[in-house]
Amino acid sequence: MAFNLTRRKFLQTASLAAAALPLAKVVSAETGVTKASLEPKGTMGDTTVVGGLCEMCFWRCQLVGKVRDGQLMKLEGNPKSIDNGTSICARGNAGVKLLYDVDRLKYPLKNVGKRGEPVWKRISWQEALDECGSKLKAVVDQHGPQGICVFPHGASAKYPMHYFERTVGTHNVSEASFFQCRGIRDAAYVATTGKAPNETVDMANSKVIFLIGSHLGENIHVSHIKAYMKGLQSGAKLVVADPRYSAAAAKSDIWVQIKPGTDTAYLLAIMNYLVKNNKYDKDFVAKHTAGFDKFSEAIGEWSLDKAAKECDIPAAQIKEVAELLAKNAPNVAIHPGRHVSWYGNDFQRERALACLTALLGAYYVKGGWFEPKPAKLGKTSWAPQEHGNEHNLNFNKDKQVYPFSPPGTPTELIRDCAISGKPYAIKGCVVWGQNPMQTIPNQEKMKAVFNAMDFVMCVDVMPTDVTMWADILLPESSYLERHDEIKAGTGKIKADDPLPTQFIAPRMPLVAPMFERKDQVYITNEIAKRMGHEKDIPVQTLEELVDKTLEPAKITLASVKADGGIHLQPGTSPYAMPEDFKVQLFNDEIAAAGHPGAPTYKAVEGVPKGYARLLYGRAPVHTFNRSQNNVWLNHEMPDNPVWLNDEVAAKLGLKNGDTVGFINSEGVKSRTTTTVKVTPGIRRDSVYMYHGYGSANPLMTAGVGKGVDDQSLITKIAIDPETGCHGMRNNFVKLTKDGKTLDIPA
Amino acid sequence: MQYGMIIDLERCVGCHACAIACKAEWEVPAEFGRNWVHRLGPSKVGKELASTYYPGLCNHCAKPPCVDACPADPVEMTFKDAAGKTITKSVAATWKDPVNGTVQIDKSRCLGCGACAEACPYGARYVNPALVDDVSSDGKADKCTYCMPRVEAGLVPACVQTCITNARIFGDLDDPKSDVAAYVKKGAKGLEPKGGNIGPNSRYYGKKKDITLLFQESTPAAIADLGSIKRRAMMASMVKPAMRKARDLGLLGLAGAILVKGLTDEKNDK
C-alpha cells in the first residue's frame, strides 16, 4: 500500500486571512501612577511583553502579556498580528488563571498509593528522572521498544513523541488529535485530493458556507471565526446540517435538522442531484478529477426521496441546498470539519465532502477551498530512523489493517495489545499532555491498559483525570513560561492587499516559570540520557530547538523578539492550483484495499427503544476538560446542561433546571448529575451536552464533579474501517432522576 | 456627549471573550463580573426557532436609578469637558458624569451598602467584598466604567478590543457621525425595564427574531420602588456601624482573652 502519509503533511498549519487590524496603541512604559488601594489600576501602564503564543486551544493566536512587578496581569492579542489581531477568545484571555492556578502541578510527584487512587509524595527531579529512565529502559530491555506506548498531545509533546517514535523506536503512538478528532478528515482528503485540508475554506469570500456539524461559535478559533463572520456580513448564505439548533444553525439561512449518522446519504443525494441535472462544474471535472463515471454510477441510487427518508429531512430542502450550491459555485465553502470521529463511517463522509467540493469546482478559487502557504521552517528534532514494520500493530504481514490510518498507530490496536499481551507485551506508558481518560472511549478499557503496565508516567501542567493513573507525575512549564512551537501562517496586513503576508511567530515566555516546572526538552533529554541515547540528543535547550527551526527563514528568536514577536514577509497566492492537482472521485487505491472506491453511505445502528442518542460538542469557553478548573472559565460555564427536546421533556415531566443523571445502553451510569435544558432546538431522538465536564480528579478543586463526563457514557466502540479512528456518537442513554430511570418516549 | 456601546448580535458568536478580558483588566474577583454573556434559546419566536445572546453590562443610563439610590453624603464635584469648560454638581458616592454621560463610583466614599446594586434593574453592579477601608468593611460597589481610564489613555474598552467579531462598538451616541449613532439610526435598542424610562445607553442590534428573543427573555422587571430601596439601604448603613462596633468589640474580646491566657500561661511557667 503506497499510502504514504507523513505526520508533517497533517500538520501543515495555515491561517485564514484576518480582517482585524490593531485597534489600540501599545503602552509599554510604566506611567508611574501609584496603585490606589480601592481602584484597580487597569493594565494600560503595565509592561508589554511580546512573543506570546496561545495554547489554551491549538489555534495558537499571537499574544502580548501585560506584566506588573513580574506578575502577568492580562493577555491580549499582539497588535502586530495579522491573524487574530488584538482579539483573543475567552480561553485565551483566561490563560492568566491557568498560569496561576493554585492546583497546578508544582513539583515532581511519585504515586505511593495505587494507580487510579494515588497518594502523592513530592520527590526531587533527580529521583523522578532516574525512576522514569530506569523503568522505561527496563521495559525496552525486556520487551523491546514496542513495549512502550505513548499518548501525546499539544506543542510540548512533539519533541518527546519524536524521541520515543524515532530514537527508542516504538510505533505505538496514539495522538488524540488524529484518532479521536481530525485524523479521518485529513486521511480522507489526502486520499481524494492529495492535500490535508485543515480548515482552509475561504469563508471570508464565500457566497455559500456549508457546514456539516461544525458548530462555529461554540467551537471558537479566532481567525477562523473572523473569516466566517466576514463572509456572513458580506452576504454569504449559511447552510448548517446539525441535529441540534447549534450556534451556527442560529445564524443560518437553511438549517438541515438531519438525523444523526446520515450525513453521507445527504451529501450523496446533493451530488447525485448535481450530476443528474447537469449542475456540476463540467470543466473542472474534466480537467482536475479522475473516476467520474464510476463515481456517478456508484452514487446514482441516491435520489432526493431516498435521502429524505434516510436523513429524516424534506426532499425539497435537499434540492434547495443543491440548487443554492450550484448557483453560487465555485465560490462556495464546503467546510471539511474539525472533530469528525463520530459514527465509525466518517472516512466516507469526509470523502464525500471533498468530492462535493470538486463537483462545484470549488478548489483554489475565491470563497472555496484554498491553500494558504506559510513560510518554510526547519524540522530539527530527533533524527528519523527506520524501525521496520515487524512490530507495527497496523501491519498484518505486509498488509495494513487500517490502510488509511493517520500517522501513529490506531488507539484500539494499542489498547487491545496492551491488555491481551498479544502479539507482544506493552508494559510502559508515557502520557504527555493528553488526557486519554476523557478523550478515548470506554474508560474501563483505558483503566485496564494502565493496570497492565509496569510503569506509567504523565507530564502535564495540571492534574487531570489521567494523571491519577501515573506512577511518576512531572510538572511542565506552561505555554506562557517557555519557548516552543512556532506558528507560521498567512494573513493580510490590509484587507485589500492583493497577496497575503506570511507571518512567523515563535513562542516566547512572557514570565519565568515558578516552582520546579521544566520544559519538554529538559525532561526528554534527561530521560534519553538515562535510557542510553545521550549521543542522539539533537538540541540542549528549547531555545536552541526553536532557533534551529527558524534558520531556513533567516531569522532568530532574538530578531523576532526585537521585531515585536512576529516576523512578517511577503507571501504567495493561496489560489494557485498546483499543476498535478487531481481529485479522485473514484479512488482505485481505496477500492483495491477492499473499501468502497466512491463515497458510500453505511447506516449506523439505530436508537434502541427507550433511549436517546448521546451527542456532544464544544463549549465556547472551554477546551475540553483542559480548562474546566480555570476559575474564570468555570464561572462562565460551570456545568454542561443536557439539551432535551421540549416535547420529550413534557412527556417525561421534566422542566428546565431539573437535576438528572444518565445510564447508557451498556448499563454504565454517570458519576455525577447535571441539569436539563429544555428546548425545541434538538431532535427527539437525541440528547446533547458539552464535552469535557465532570472531572473525577479531586486535585482539580474548582472543576471536580461539575457537570457530567460525556466520555464516561461513551463505552461502545465504533472503528472507522479505513482509518482505524474511533467513532463516538453511537452510544445511547436514558436519563435518571431521583433514583428512577426514565425511558425516552419515541 | 454620551458614551454608549452597541452590541451587534448579528456578529456576536457568544464566545465570552468580553467577560474574561474585563475580569483581567479590572481585577474582578472570579465569582463576579462587570459584564456577562447569557445564551438565550433555542426557543420558538413565533413560528421560527431562535437562539442568541445577552451580552450585558452597565447601561450608563440617562436616568440611572442606582445614582438616586446612593445614601452616601453628597459632596461638590467639578467636571471638565474637552474645551476646558467646568460643571460643578453635588454628587453622592456614585453619579452620572455630566460631561461624558458615564456613571461612575468613588470607591473611597462608597459605604458598601449595596443599595445601588439593588436598585439597578440589570444586575450590573455588585459589591466587591475584597475592597475594604475605614469607610466600609463590607466591600465596595463595582461595575463597568465603560473603561474610562483606558478611553482617557486613548484605548478602546477592554471588551471591545478583544471582541473576536467586532460585535462591540463603542463611541459617542451624541455624535451623529459616530458608528454607534449609525447603529441607533438602524434601530439598535436598549433594554428598557418594563414601564420604565431610564434610557439605557448600551444598545442591541440584530436579526428581528433574535432581538425579539432578547427583549422577551432579558427585559428587566419594572424598577423597584426607589424610595424603599434607599430607606432600606440607609437603615442598613445606620445599623452597620453598630454591628461593626459589636463585631470589633467581639474581636477585641477574643484578643483580650488570648492576651489574658498568654499572661496566665506565662505566670504558670514561672
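Reader: What is the mean pLDDT of chain A, and what share of its residues reach 70 or more?

Author: This is a predicted model. Chain A has a mean pLDDT of 95, and 95% of its residues reach 70 or more.

Reader: Where in chain A does pLDDT stay under 50?

Author: Over residues 1-5 of chain A, and again over residues 8-36 of chain A.

Reader: How many contacts beyond four places in sequence does the model have for each stretch?

Author: For residues 1-5 of chain A there are 10. For residues 8-36 of chain A there are 79. Where pLDDT is low, the predicted coordinates should not be read in detail.

Reader: Moving on. What is the strand order in the open sheet of 3 strands in chain A?

Author: The order is β17-β18-β19, and the pairing is antiparallel.

Reader: Which strands stand at the edges?

Author: β17 (484-491) and β19 (567-570) of chain A; each has a single partner strand, so one side of each is left without a neighbour in the sheet. On average, neighbouring strands of this sheet are turned by 20° against each other, direction ignored.

Reader: How many bridges join β18 to β19 in chain A?

Author: There are 4 between β18 (residues 501-507) and β19 of chain A. Within that pair, L568(A) in β19(A) has F503(A) opposite.

Reader: Which helix lies across β17 and β18 of chain A?

Author: That is α17 (residues 542-550) of chain A, which runs at about 30° to β17(A).

Reader: What about α16 in chain A, which of its residues are buried?

Author: In α16 (residues 520-530) of chain A, the buried residues are Q520(A), V521(A), I523(A), T524(A), N525(A), I527(A) and A528(A).

Reader: What covers them?

Author: The cover includes the helices α4 (125-143), α5 (158-168) and α17 of chain A, along with the strands β15 (455-460) and β16 (472-475) of chain A. After α16(A) comes G532(A), with a positive phi near 85°.

Terms used. Residues numbered from 1 in each chain as written. Chains lettered and ligands numbered in written order. Predicted model: local features only at pLDDT ≥ 70, side-chain atom pairs only at ≥ 80, totals over all residues. Pairing = 2+ DSSP bridges. Helix = DSSP H or I, 4+ residues; strand = E, 2+ residues; numbered from the N terminus. Axes fitted to C-alpha atoms, helices over the stretch in contact; angles between N-to-C directions. Contact = placed C-beta atoms within 7 Å. pLDDT = per-residue confidence, 0-100. Buried ≥ 20, exposed ≤ 12 C-beta atoms within 10 Å, placed from the backbone.
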